[in-house]
Amino acid sequence: MWGLIPVLDCSQLLRFCPSQCKPALCSITTSDPRLDSPLRTMSDQAFVTLATNDSYVKGALVLGQSLRSHNTTRKLVVLIGPHVAEPCRDALGSVFDEVCVVDVVDSGDAAHLALMKRPDLGVTFTKLHCWTLTQYSKCVFMDADTLVLSNVDELFEREELSAAPDPGWPDCFNSGVFVFSPSKKTHEQLLAFCAENGSFDGGDQGVLNSFFNTWATADISKHLPFIYNLSSISIYSYLPAFKQYGHGAKVVHFLGKVKPWNYAYDAQRGEVKGHSQSADSSQLHPDYLLMWWQLYTKSVLPVLQRAYGDAPFNSGFIEATEDSELCEDVTEQPAASVPPPPKVSSEERKHRWEAGQIDYMGDDCFANIERKLNSFLK
Ligand SMILES: [Mn+2]
């Protein structure tokens with residue numbers, strides 16, 4: 001009998017129920033206020049991201065499309081800086097439900113005062129602006145350099161401030177993905193805290209960890225599983241763990257200075273330039289950078305092309321050429337905007353690595369680290 005229940009409608013179902021369970025079931029079909037609560041909850045919850053310039057707009061668009069393609073039921077909001085170009089705003093407007101221009105300099109309020117005191121924290125203040133989105137009861141902030149691999153709407157079951165550990169210092173949370181509750185009061189407290197104490201790392205992560213300083217110890221339910229903010233560096237800093245758990249990854253975070261949009265893409269060959277994945281490693285893990293570019297090509301480029309019309313813009317694509325020698329040259333370069341690093345000694349390289357200055361694109365590139373790891377693992 002239970003196997004039949006899913007095909008029955010509510011009134012049929014009621015006939016099978018003992019009388020005492022009727023009221024609860026009836027409420028589903030009446031105008032009980034609880035009826036619309038799931039829908040209402042969805043429209044007053046939002047994913048929020050931030051794009052301070054036209055480059056980050058590309059990231060925000062890929063993130064937005066990745067959330068849409070995994071059928072999120074929540075609103076999508078993007079905060080943008082005042083210098084984002086008009087066509088970029090139009091493109092964002094066709095993917096996001098809300099595009100909010102945040103100009104901290106112009107705000108004439110507590111944020112402006114905080115900025116006068118700490119001009120170095122401009123971008124941080126722009127990000128903190130997400131707490132003013134009080135038309136929503138709960139939000140999930142996601143950096144524009146993240147990519148969603150499956151539906152993550154369940155994050156809205158968490159409370160402020162929920163976040164995943166930072167791979168570099170796991171007693172700190174990484175501020176690339178976090179659950180928060182918009183509140184004017186919290187926003188003001190954050191600004192005051194920021195103006196008073198600054199940021200120990202110069203960015204929003206330092207501020208937020210100092211402000212929500214019981215995250216590490218107070219409530220384990222506020223620790224998001226690492227699969228909600230998997231940094232690409234963790235793949236090779238703990239390869240066995242990635243082999244064990246990586247298949248469950250839901251959000252990839254492209255940490256580090258070089259972002260996906262800084263690379264160049266050969267659409268004809270389907271290759272990201274300056275990024276080589278060996279046959280071995282492609283069996284080991286999916287190529288997230290390639291996935292980013294594939295989504296960009298399929299779902300973001302058409303939106304940008306529509307927004308720009310005849311006006312030129314940097315698509316990030318490189319022209320395929322018959323001249324193989326020229327191709328080789330291009331392959332050697334990570335991206336036009338990233339200058340090649342100078343050669344350094346082994347000792348200096350070790351020193352830089354330990355200081356956190358890792359040359360992901362050069363000597364410390366994935367292929368080199370993987371070769372080293374494999375020599376240990378074999
Ligand atoms: Mn980030």
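Six of its eight residues are buried, so α9 is largely enclosed by the rest of the structure. Those residues are Asp 204, Gln 205, Gly 206, Val 207, Leu 208 and Asn 209. Buried here means under 20% relative accessible area, exposed over 50%, and partly exposed in between (1.4 Å probe, protein chains only). Helices (H or I, at least four residues) and strands (E, at least two) are DSSP runs, numbered from the N terminus.

A word on the model before we go on. This is a predicted model, in which local features need pLDDT of at least 70 and side-chain atom pairs count only at pLDDT 80 or more, while totals for chains, interfaces and linings use all residues. Residues are numbered from 1 along each chain as its sequence is written, and side-chain values use heavy atoms, with hydrogens and water left out. The chain averages a pLDDT of 80, and 71% of the residues score at least 70; pLDDT is the predictor's confidence in each residue, from 0 to 100. Over residues 1-36 the pLDDT is below 50, and this stretch has 15 contacts in the model beyond near neighbours in sequence. For residues 322-342 the pLDDT also stays under 50, with 22 contacts beyond four places in sequence. Contact means heavy atoms within 4.5 Å. Where pLDDT is low, the predicted coordinates should not be read in detail.

Now let us turn to the sheets. Six strands form an open sheet with mixed pairing, in the order β3-β2-β1-β4-β7-β6. Its edge strands are β3 (98-101) and β6 (162-165), each of which pairs on one side only. On average, neighbouring strands of this sheet are turned by 25° against each other, direction ignored. Two strands pair if DSSP finds at least two bridges between them. Strand β1 (residues 45-51) runs parallel to β4 and is joined to it by four bridges; Gln 45, for instance, has Lys 138 in β4 as its bridge partner. Helix α4 (residues 54-69) packs on this sheet, touching β1, β2 (75-80) and β4, and its direction makes about 155° with that of β1. Axes are lines fitted to C-alpha atoms, for helices over the stretch in contact, and angles run from 0 to 180 degrees between N-to-C directions.

A further open sheet has three strands in the order β5-β9-β8, again with mixed pairing. Here the edge strands are β5 and β8 (230-231), each pairing on one side only. β5 and β9 pair in the antiparallel sense over three bridges, and Thr 146 has His 253 in β9 as its bridge partner. Helix α13 (residues 288-308) packs on the sheet and touches β5, β8 and β9, its direction making about 75° with that of β5.

Asp 143 lies in the loop between β4 (138-142) and β5 (146-148) and His 253 in strand β9 (residues 251-253), so the pair ties together parts that are 110 residues apart in sequence. Asp 143 is buried, with a relative accessible area of 17%, and His 253 is buried at 1%.

A few local details round out the tour. Asp 266, found in strand β10 (residues 265-266), is buried, with a relative accessible area of 2%. A polar atom of the Asp 266 side chain lies 3.1 Å from the backbone nitrogen of Gln 268. Most residues other than glycine have a negative phi, and most peptide bonds are trans. Asn 71, in the loop between α4 and β2, has a positive phi near 55° and counts as exposed at 58% relative accessibility. A cis peptide bond, with omega about -15°, joins Glu 160 and Leu 161, and Leu 161 is found in the loop between β5 and β6.

Conventions:
Polar contact = N/O pair within 3.5 Å; in protein donor to acceptor, adjacent residues only side chain to side chain.
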